[in-house]
Amino acid sequence: MSTDYGQLRQKAKDEVNAELADVKDPFERRAAAEEIRDQAYMELAMLKQERKQLIASAALYEYTPQLHERFGIERLQMKRLAMDALLGLEDREEWINPPAWPADRVKAAQKAGIPHLDNVVDRGAEIAARYEYAEARRGAAVTHLEAAHEAVRLAGGRVKVAAMERPDFDAVRKQARDEVLEQFAKLVVGPERLLQLAAEAVDRAEEDAADLLKERDAALNSLAFYTTARGVYYSAGISRSGMTRAQQRALGLPRDASVPPRAEQPAAARAAGVKFVKNAEAKLPKIAAAYEAAEARRLTAIEIRDEAVRVLHAAPHGWSRPQLTEAIGRDHKVVDRIVDPEGTS
């Protein structure tokens, strides 16, 4: 009789939920969820090799089109397990599709020394059910563990993180600027085409920077509000006052308002809906460097664009301000500042 794996997984989840339902203290719930998770990991580790051997033996010696359903997995996963065993490869996760079945699976299995185990399908289904049950318990425990982490932060706790990298932002900006200058130096085009290319480069860099700024501030605020990290602004490439402003924005505070004391920040951030970003200590330096590079590209492209605007405006029968405004896709005030920075006309 086939196992209803959906029902089995739901039963495991319900049991974990019931075990943790009465544990109200977030610190105790986190510890209890960690214990269930670790127990499930141990069960999975104990069953992993036997499950693989049984499924491989069944797939090679007693294959049927719907055999994978007996083990609660997809057909492709069953094939991966069988081909790993057959070819002597361990955990080939890079396989999107495993090699084709051999023409004679039984002969290939015998040649590889894979035994045809007694009652292999029923035994494999029994072990698979235990495996899926443990996996479902692990998943449910992890869900509770993540919720407990959030509750711990709300209760005032901070997650411990390792020291963060501090990129050489000056070098990052210089390299990005040099790349843009080199790219445009190679162009052999007239001022009209140059203006078009420069305006497009400004737009691209501006879009990149806007997206990266959101990611940077999300990681920065997660670290500042929810972790033990200090001097976060160094890894973000900004000043201390810049970080304070990012925190004010995240909490919905005006510029003249004070950020809550450090001990009160986790609760204040959670109440304001600030998200905890996993592994933010590793992500922030990379995101910040990418943002600074995008900003450097934007500023450099603006210099090139503005010079092209001035050239076209000053040329005999030069372009009018409305023409230039349309060409760069900006407000007319931008062109006004470029061609008449003193505001004399």
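Trainee: Is Arg130 buried, partly exposed or exposed, and what is its relative accessible area?

Mentor: Burial is read from relative accessible area, where under 20% means buried, over 50% means exposed and anything in between means partly exposed, using a 1.4 Å probe and protein chains only. Arg130 has a relative accessible area of 36%, so it is partly exposed. Before we go on, please keep in mind that this is a predicted model, in which local features need pLDDT of at least 70 and side-chain atom pairs count only at pLDDT 80 or more, while totals for chains, interfaces and linings use all residues. Residues are numbered from 1 along each chain as its sequence is written, and side-chain values use heavy atoms, with hydrogens and water left out.

Trainee: Where does Arg130 lie, and which residues does Arg130 touch?

Mentor: Arg130 lies in helix H5; helices here are DSSP runs of H or I with at least four residues, strands are runs of E with at least two, and both are numbered from the N terminus. Contact means heavy atoms within 4.5 Å, and, not counting residues up to four places away in sequence, Arg130 touches Glu43, Met46 and Leu47. Arg130 and Leu181 are 51 residues apart in sequence, and their C-alpha atoms are 62 Å apart in space.

Trainee: What is the place of Val121, and is Val121 buried or exposed?

Mentor: Val121 is also placed in H5, which covers residues 120-154, and with a relative accessible area of 12% Val121 is buried. Leaving aside residues up to four places away in sequence, Val121 touches Ala58, Glu62, Leu67, Arg70 and Phe71.

Trainee: Which residues of H6 are buried, and what covers them?

Mentor: An α-helix has 3.6 residues a turn, so residues three or four places apart point the same way. In H6 the buried residues are Phe169, Ala176, Val180 and Phe184. Seen down the axis of H6, these buried residues fall within an arc of 65°, so they line one face of the helix; the arc is that of the directions from the helix axis to the C-beta atoms. The face turned away from the buried side carries the exposed residues Asp170, Lys174, Gln175 and Ala185. What covers the buried residues of H6 includes helix H7 (191-226), helix H8 (232-236) and helix H11 (280-314).

Trainee: Which residues of helix H12 are buried, and which are exposed?

Mentor: In H12 (residues 321-328), Leu324, Thr325 and Ile328 are buried. Viewed down the axis of H12, the buried residues fall within an arc of 105°, so they line one face of the helix. On the other side of H12, Pro322 and Glu326 are exposed. The buried residues of H12 pack against H7, H11 and helix H13 (332-339), and H12 is followed by Gly329, whose phi is positive, near 65°.

Trainee: At what angle do H7 and H9 pack, and how far apart are their axes?

Mentor: Two packed helices are described by the angle between their axes and the distance between the axes. H7 and helix H9 (residues 240-251) pack at an angle of about 90°, with their axes 10 Å apart. The contact is made by Asp217, Leu220, Asn221, Ala224 and Phe225 of H7, together with Met243, Ala246, Gln247, Arg249, Ala250 and Leu251 of H9. Axes are lines fitted to C-alpha atoms, for helices over the stretch in contact, and angles run from 0 to 180 degrees between N-to-C directions.

Trainee: Which loop holds Asn119, and what is its phi?

Mentor: Asn119 lies in the loop between helix H4 (105-111) and H5, and has a positive phi of about 50° although it is not a glycine. At 51% relative accessibility, Asn119 counts as exposed.
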